[in-house]
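Let me put the sequence and the model up on the screen.

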Amino acid sequence: MFPIEEVERRLSVVDARADLRADCSRCAGLCCVAPAFAASADFAIDKPAGRPCPKLASDSRCSIHTDLREQGFPGCAVFDCFGAGQHVVQVTFGGRDWRHSPGTAEAMFAVFPVMRQLKELLWYVAEAVTLLSPGTLLDDVQRAQEQTERVLEQPAEVVREFDAAAYRQQVGPLLDRVSRTVRNRVPDRAADRQGADLIGAKLRGADLHGASLRGAYLLGADLRGADLQHADLLGADLRGADLRGARLSSSLFLTQPQLDAASGDASTTIPGTLQRPRHWSPTVTATTTTRSPSRRRSRLNRR
Ligand code: SF4
């Protein structure tokens with residue numbers, strides 16, 4: 001049993017993460033205007049930075065939102081600003097937007113990518129808070145959370161000059177300590193594969209529980225029925241990975257864009273803070289029902 005203060009702390013973190021999701025109704029289509037796109041498998045067109053995508057409607061909504069993959073924009077379907085868009089428009093610029101106040105456009109587009117990096121970092125830090133018991137490490141993480149939130153509240157001219165990449169490098173080791181602390185409690189955990197090249201790897205039924213897969217390249221990997229509970233997936237590239245039947249409900253530092261970039265089915269388990277992507281199969285596919293026999297054979301080396 002947790003003391004009531006501990007329960008309240010964890011609930012407040014859940015609330016904080018609710019604010020780290022895109023709310024397009026309070027944004028001004030910043031992700032469809034500010035960045036440049038190069039025509040590729042992810043985007044059907046070239047688009048220079050600062051110019052609205054031709055698919056962006058006058059109400060700042062995407063006119064092909066329900067059809068992005070079919071129309072050649074899968075990159076948009078897996079993008080998440082972690083709430084940066086609405087923060088820039090509503091907080092940093094006090095409700096103004098680039099359409100009605102063109103003088104704000106250049107600054108708004110410069111602030112947006114910095115804000116997105118900071119908001120994504122806050123997503124990880126907020127999760128780290130939920131994973132720890134009171135102590136020195138939790139104190140350090142909460143300090144990082146408060147410091148990051150203070151940057152978000154700064155005026156546009158300060159945020160745009162903020163070196164978010166360097167700041168993320170600074171906070172990264174703290175998140176790594178959190179990950180190790182949590183995973184070291186996991187019995188008989190699988191070997192770490194941090195940054196590993198696992199592109200197209202055949203990991204069906206693999207036991208990866210408690211492993212660090214931070215920054216691993218899992219593009220197109222067959223992870224059907226894999227056990228990824230308590231695995232650290234921070235920055236793992238899951239594009240095109242097959243997660244049907246995989247278990248991720250207690251994976252660490254997993255994000256919505258990672259899930260959106262992969263495929264799954266009704267038997268894939270995911271953390272309660274994330275949403276099941278709409279393109280995932282709503283049924284259990286037959287190929288995921290042989291998890292147990294293959295588990296040992298597919299198991300990677302132990303620590
Ligand atoms: S296709 Fe839609 S979501 Fe993608 S940039 Fe254009 S308007 Fe935005």
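Quick housekeeping. This is a predicted model, where local features need pLDDT of at least 70 and side-chain atom pairs count only at pLDDT 80 or more, while totals for chains, interfaces and linings use all residues. Residues are numbered from 1 along each chain as its sequence is written.

So what's in the chain? Nine helices and zero strands, with helices (H or I, at least four residues) and strands (E, at least two) taken as DSSP runs and numbered from the N terminus. Of its 303 residues, 37% count as buried. Buried, here, is 20 or more other C-beta atoms within 10 Å of a residue's own, with C-beta atoms placed from the backbone; exposed is 12 or fewer, and partly exposed is in between. As for contacts with a separation of 6 or more, 44% come from residues 24 or more positions apart. A contact is two C-beta atoms, placed from the backbone, within 7 Å.

Now the helix pair. The axes of H3, residues 84–92, and H4, residues 105–131, come within 8 Å and cross at roughly 125 degrees. Those axes are lines fitted to C-alpha atoms over the stretch in contact, and angles run from 0 to 180 degrees between N-to-C directions. That makes H3 oblique to H4. On our cut-offs, under 35 degrees is roughly parallel, over 145 roughly antiparallel, 65 to 115 roughly perpendicular, and the rest oblique.

Who touches whom? On the H3 side we have Ala84, Gly85, His87, Val88 and Thr92, and they meet Met108, Val111, Phe112, Met115, Arg116 and Lys119 in H4. By class, that contact has six nonpolar, three polar and two charged residues. Nonpolar covers Ala, Val, Leu, Ile, Met, Phe, Trp, Tyr, Cys and Pro; charged is Asp, Glu, Lys and Arg; the others, Gly among them, are polar.

Next, the ligand. Around it sit Cys32, Cys53, Lys55, Leu56, Cys62, Ile64, Phe73 and Cys76, counting a residue if its C-beta atom, placed from the backbone, lies within 6 Å. That shell has seven nonpolar, no polar and one charged residues.

Last, the backbone. Most residues other than glycine have a negative phi. His230, though, has a positive phi of about 60 degrees, and Phe253 also has a positive phi of about 60 degrees. His230 is in the loop between H7 (164–183) and H8 (256–261), and Phe253 is found in the loop between H7 and H8. His230 is buried, with 22 other C-beta atoms within 10 Å.
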